[in-house]
Amino acid sequence: MPNTLQPQIDGPLKVSGDAEIFAADGSLLEQAGELWLCRCGRSSTKPYCDGSHKDVGFRDRGAVSAAYKPKGADPELEGSVLKLSLRPNGPIRCLGDMRIDDPSGASAWTGRQAFLCRCGESRNKPFCDGTHRESGFDAE
């Protein structure tokens, strides 16, 4: 099964495949075949979704820009595990073979490295554009 990430319309990020998620301190939080991660920035169980997007009126249609290019070269990684690393009060760094699908399930972007928004404020969702610095996003 390929590693896929799929932003849900006005909701969380569905991660499917072989994924490991790491805390900001580098400790392993979880290994899973499916994760539901917060995209609105308001979950009380960050990085996981708790449904807060419904209460805060989070809106995002889930469109994915195929033109996204992360800064720096794609790293060489062995294996098919998708490593998701939480940046302190910042994005999720995704390393490994992955495909990002639009909400309909159509493939919209493929690559080996991406930085995904988790503050809910990026103007280039699902990708991070650095807005978390301006908005004062607190990942705790």
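Reply: Happy to start with Asp10, which counts as buried because its relative accessibility is 18%, where buried means under 20% relative accessible area, exposed over 50% and partly exposed in between, with a 1.4 Å probe and protein chains only. Asp10 sits in the loop between β1 (4-7) and β2 (13-22); helices (H or I, at least four residues) and strands (E, at least two) are DSSP runs, numbered from the N terminus. The phi of Asp10 is near 55°, a positive value in a residue other than glycine.

A word on the basis: this is a predicted model, in which local features need pLDDT of at least 70 and side-chain atom pairs count only at pLDDT 80 or more, while totals for chains, interfaces and linings use all residues. Residues are numbered from 1 along each chain as its sequence is written, and side-chain values use heavy atoms, with hydrogens and water left out.

Asn89 also has a positive phi without being a glycine, at about 50°. Asn89 belongs to the loop between β4 (82-86) and β5 (92-101), and with a relative accessible area of 33% it is partly exposed.

From Gly90, the backbone oxygen lies 2.6 Å from a polar atom of the Arg118 side chain; a polar contact is a pair of N or O atoms within 3.5 Å, where within protein one must be able to donate a hydrogen and the other to accept it, and residues adjacent in sequence count only if both atoms are side-chain atoms. Arg118 itself is in the loop between β6 (107-116) and α2 (131-135). Arg118 is buried but has no salt bridge, and Glu140, the nearest side chain of opposite charge, is 6.7 Å away. For charges, Lys and Arg count as positive and Asp and Glu as negative, with His and the chain ends not counted; a salt bridge is a side-chain nitrogen of Lys or Arg within 4 Å of a carboxyl oxygen of Asp or Glu.

Arg118 is also one of the contacts of Ile92 beyond four places in sequence, and others include Leu37, Leu84 and Phe115; contact means heavy atoms within 4.5 Å. Ile92 is in strand β5 and is buried, at 2% relative accessibility.

One runs from Lys125 to Pro126, with omega near 5°, and Pro126 lies in the loop between β6 and α2. Another joins Lys46 and Pro47, with omega about 10°, and Pro47 is in the loop between β3 (28-37) and α1 (52-56).
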